[in-house]
Amino acid sequence: MKIGFIGLGNMGGPMAANLARAGHEVIGFDTASVVIDGVTPANSPTEAVEGAEVVITMLPNGKILRTVADEIVPAMKQGAVFLDCSTVDVDSARAVAEQALAAGLSALDAPVSGGVGGATDGTLTFMVGGDEAGFETAKPLFDIMGRKAVHCGPSGNGQAAKICNNMILGITMIGTCEAFALADKLGLDRQAMFDVVSTSSGSSWSMNTYCPAPGVGPTSPADNDYKPGFAADLMLKDLRLAMQAAEGADADTPLGAAAADLYRRFVEEEDGAGRDFSAMLPRFAGRGRA
Ligand code: NAD
């Protein structure tokens, strides 16, 4: 398949490399002029999408996605699939899909879970919104770049699934970190805390798989001085998207709002910028009652 790939950063780079390694013809464009193994560099976004059957975008946010869509949609081949894998707001995802459909294209929003490791290993999970025909065309590509692709319904539903998932993740990580900090102050050993909670009703991915306490549970960014991993800044971005969507949909999300505010303070006013999102544990552990 001929594939145009726009946005070859930490995630897009390895995803494009995996598609090329699997034998697809991949033409890539990034404003930072990066070179990716097996990917033919294009001089412009329009050059990258020319004649492509599928165009994949992996960009920082909805504003940039909309700008890129304005450029590439008119240059794309009729019937081609516009496959956006970035994490963006639901409104931008739906607007770009409408623009693509009006131009005779198929459109999918397919944000991912799994991080840079998943992008490199080809084990991402895709949450996909859009039409069935587009999903079927893109399915073999999802199978190369990931382990699982769930079709969540019409355009925007992939982003909806992503931000709901990450809102739960932000809330459970904060809860897990709070509980560890409380356990410390109550004199409970962290290993004992892990052994109990990871096999009890307080268990979650944040505790069992990505434990925020160093030296406890499976290896995680906590064991690497909280180097990301998944940066607190990116968690803040996703929680903001969730809050924006909640406001638009008139949904009551008090814990999501509290999590967004805590990560905002952590990233903007404390020392959280550039640290893993599980570094909430040393933050709580070093404080008294707020
Ligand atoms: P990144 O900043 O490493 O990559 C984005 C790339 O887009 C950069 O290389 C940048 O130069 C390029 N770019 C910016 N504007 C452009 C334009 N107008 N035209 C072409 N290229 C342009 O970010 P990333 O970590 O690869 O994340 C990409 C997306 O994936 C984001 O939406 C992010 O929220 C999402 N995501 C990231 C992770 C993660 O762990 N990094 C996990 C899941 C989802």
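Predicted model: local features only at pLDDT ≥ 70, side-chain atom pairs only at ≥ 80, totals over all residues.
Two residues are in contact if their C-beta atoms, placed from the backbone, lie within 7 Å.

Figure 1. Of the contacts in the protein chain with a separation of 6 or more, 61% are between residues 24 or more positions apart. Buried residues account for 48% of the 290 residues.

**Figure 2. Overall dimensions and secondary structure of the protein chain.** The C-alpha trace spans about 65 × 40 × 35 Å along its principal axes. The radius of gyration of the protein chain is 20 Å, which agrees with the value near 19 Å that a compact globule of 290 residues would have. Twelve helices and nine strands make up the secondary structure.

**Figure 3. The shell around the ligand.** The ligand is surrounded by 24 residues. Gly9, Asn10, Met11, Ala32 and Thr87 are the closest of these. By residue class, the shell consists of 14 nonpolar, nine polar and one charged.

Figure 4. At least two shell residues come from each of α3 (62–72) and α5 (115–121). Helix α3 provides the largest share, three residues.

Figure 5. An unreviewed UniProt entry lists residues 156–281 as "domain: 3-hydroxyisobutyrate dehydrogenase-like NAD-binding". In the model, this span is 60% helix and 0% strand.

Definitions and conventions:
Residues numbered from 1 in each chain as written. Near = placed C-beta within 6 Å. Helix = DSSP H or I, 4+ residues; strand = E, 2+ residues; numbered from the N terminus. Nonpolar A, V, L, I, M, F, W, Y, C, P; charged D, E, K, R; others polar. UniProt positions renumbered as here; feature names shortened; annotations may be inferred. Rg over C-alpha atoms; globule rule 2.2 N^0.38 Å. Buried ≥ 20, exposed ≤ 12 C-beta atoms within 10 Å, placed from the backbone.
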